[in-house]
Amino acid sequence: MFFVLLLVTTLFSTPAKAQNNTFVEDSCVHLSEVVVTGLTGSTRINQLPAPVAVISPEELQSHSSTNIIDAISHQPGMSQITTGSGISKPVIRGLGYNRVLVVNDGIRQEGQQWGDEHGIEVDGEAVHSVEIMKGPASLMYGSDAMAGVILLHDAPLMAEGEMSASASTEYQTNSHLFAYSANTQGNKKGFVWNWRWTQRWAGEFRNPVNGRVHNSQFRERALKGMLGMKERWGHSLLKMSYFHQRPGIIEAPDEDPFQKINHYKVVTDNMFYVGDGVLKAIVGYQHNRRQEYEENQVGLDFMLHTINYDVRYVFPFSWKLNVGTNGMWQQSKNKGVEALIPAYHLIDFGIFSTASESFGPVHVSGGLRFDHRHVNWEPINTIAQQPSPTSKRSFYAVTGSIGAIWNITPNLDLRLNIARGFRAPNMSELGSDGEHEGTFRYEVGNADLKPEYSWQGDLGLDFSSEYFSAKLSLFANRITNYIFAEKTGGVSAEGTSIFRFTQGDARILGGEATVILHPVHHLHWENSFSYVNSVQMHQPEETKYLPFTPAPRWMSTIHYDIKGSCTWIKNLFAEAQMECYLKQNNVYRLNNTETPTPSYTLFNVVTGTDFLIHGKRFASLHLSVNNLFNRAYQNHLSRLKEGGIYNMGRNIAMKVIFTI
C-alpha cells in the first residue's frame, strides 16, 4: 500500500510553486526559528548554548508508538529501557532512571520511576509537543535532572472565540493494539477548556523466536482536563488527570502476575503580569498507587503522595533574569503483604536564579542553584532478616551552568556549555530489600550511598542551508559517586539472583552527529549517529564499563513531501527509515551482570496525508510498518533480554484522526 500510494501520487502530482514561479523554500532550514521554553523562558533555539531537541505535533501524530517515551526514543541521543511493549523509561546519553526528569503539566512527574518495569504515567495522546534538554538541568529542576529533562507540552490555549473537537483511532497488528481518543477544547470570552479521554488495549506481542510472549498484554485508560481563565492580566488554569494501566508481568510461562497502576494529578498553573515583569506560580498534587498481583492476591502495594511547587519571577530587564524556588513534599507507604522499598518521607527544597543576555551575535546564559533534600525511612528487614533502626539522610548541593552560543553567520552557530549536576540517591538505592517482579533480580540497597555530582561540557556546531544541514553535538561527563546495581553472585531463598547497589566514579563521552541533505525539493535525507562510551574509573576489565549503556546507533531516513494540485489532499508524505544498532561489547561483566548484544538492522516505512473539505482539514490518515522484514533482535536496553525474550516483530499500524 505504501509503495502504491507513493507511485500514484508522484505520477499525478506537480511540484508546488510560489506565485513568482520559484520553489517554496524548504521548511527544514528554519530550525533556528523554533522557540523553546525549558531553561529561561521563551527563547529561540539558536540562542541557547545547551543542546535542545524539539519534537513537533506533526511528528508525534504521524509515527506509531505504544507510549510517549517510545514515540521520542528515536531522537539522536535518546533511547529507552523497555519491559515489553507497554513500559518504556527514557534514557538520555546513556543515563536513565532517576537521572532523567519528566516534566508534565509544568511539574515533575512523580510515580515510581526508580523501578525497571515502572513506566511514565502519561497519556501520549494528550501530549502536543516535546522538548528534550540534554545535559545537567539541575539548575532549574534540582535533583534527578542530571542527564536532562523531557518537557511534555499541552496544546497551546486557543484564541478568543475558537473551539474545536477531534477523535482518533489506531490499530496495530502485532499485539492487536486498539486505541481511541476524543478531545474538545476552546476559548469563550476568556474561559478556556481542554478535555481528553483515551483508552488503549493490547494483547500479547509476538516475535520470530518466542512467538507470542506470554503475559505481555496491557490496557490503559486516561482522562485529562483543563479549565481556566485567560485575560490581559495573565492566566489561571486548573489541570486534572487520571491515568490507569494494567500491564502483565512477564515471568514463567505458567504464571500470570500483573500490575495495577493508578495515577491522579491536580495542578493549578498561574501566570500574572506584575508591573512590567511576570510572576509564575504552579502547585500540584500527585497520588500514585502501584499494586502487583500474583494469583489475584496483592503482593507489593506502593502508595505515593507528592506535593510539588514552582514559583518564579521574570524581571523586566533588557536582559532576562529569573529568580525562583521549587521543591516537593513526598510520602510513600507500603500497603501490601510484601515490601521492596521502605515507607519514607521526603522534603525537597531549592532556590535558583538564571540570567541571559545577548552581545550582538553572541548569546550568554547561566545561573546558580542551592538544593536541600531530607529523607527518613523505616528500613524493612535485611536479607539476613535482621531488623534495622529508623534511618535518615540529608543531602545538599550547589549547582550551576554557564554557556554561550555564537551565531557566526545566519547559517552557522557554535555552542559551548558547562554545567554542574546533582542527584540524591533514591529510596530503592538506599533501602530496597526484596524480589523485584519482572526484573529477574533480588535487590538490596545501601544506606551509606553518597549523592552523585557531575561536571559536563557540551560543544556543538550547527549549520543549515537550502540544500544541506548538519549538526554536531559532543559531550564529556565526569560523575563522582555514580550509583548502579551489580550482581553479587548469590541467590535468594527463591533462587533469584541478588543485586546490590554500589557506586564508583564514572566518565561518559559521546555525542550525536546529524546530516540532512535536500538534493531535490521536498526530498529530505536525514542521517544521524549517536554514540556513548561509559567507563567506571580505575577498574579492571570486568567492571570497567557501566551497565545499561546503549549501543551505537545509525539512523537513516528518506522523507518525501508530495505536493500536487489535488484540492482535497494536503501534507501527503512518504518515508523510509533504517535503524542500524552496532554490537555492544562494552558491558559490566562481573558475575555476568550484563551480556554483550550483537548488531542488528531494522527497516520501517511510513506514509500519511490530510483530507480537506472546503480547504479545511477534516481527517488525517497515517500508515506505518515497523520492523518491515520481521527481524529477530534483542535491544541492549530491553529488561526482557535476561530472560531470553526478543523484541517485537513486524508491526503494521493505522491511525485515523477526525477534526471538527
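**Charges and strands in a predicted model**

Glu338 is partly exposed, because its relative accessible area is 37%, and partly exposed means between the buried limit, under 20%, and the exposed limit, over 50% (1.4 Å probe, protein chains only). This is a predicted model, where local features need pLDDT of at least 70, side-chain atom pairs count only at pLDDT 80 or more, and totals for chains, interfaces and linings use all residues. Residues are numbered from 1 along each chain as its sequence is written, and side-chain values use heavy atoms, leaving out hydrogens and water.

Where is Glu338? Glu338 lies in the loop between β20 (320-334) and β21 (344-359). Strands here are DSSP runs of E, at least two residues, numbered from the N terminus.

Now the salt bridges. A salt bridge is a side-chain nitrogen of Lys or Arg within 4 Å of a carboxyl oxygen of Asp or Glu. By this rule there are 23.

Take Lys224 and Asp105. Their closest N and O atoms are 2.9 Å apart. Lys224 sits in strand β15, and Asp105 in the loop between β6 (100-104) and β7 (107-108), 119 residues apart. Both Lys224 and Asp105 are buried.

Next, Glu125 and Lys655. The closest N and O atoms of this salt bridge are 3.4 Å apart. The partners are 530 residues apart in the chain. Glu125 counts as buried because its relative accessibility is 19%. Lys655 is buried too, at 11%.

Last, strand β15. Strands pair if DSSP finds at least two bridges between them. Strand β15 (residues 218-231) runs antiparallel to β12 (residues 191-202), with 12 bridges. Another 14 bridges join β15 to β16 (residues 234-247), also antiparallel.

Terms used:
Helix = DSSP H or I, 4+ residues; strand = E, 2+ residues; numbered from the N terminus.
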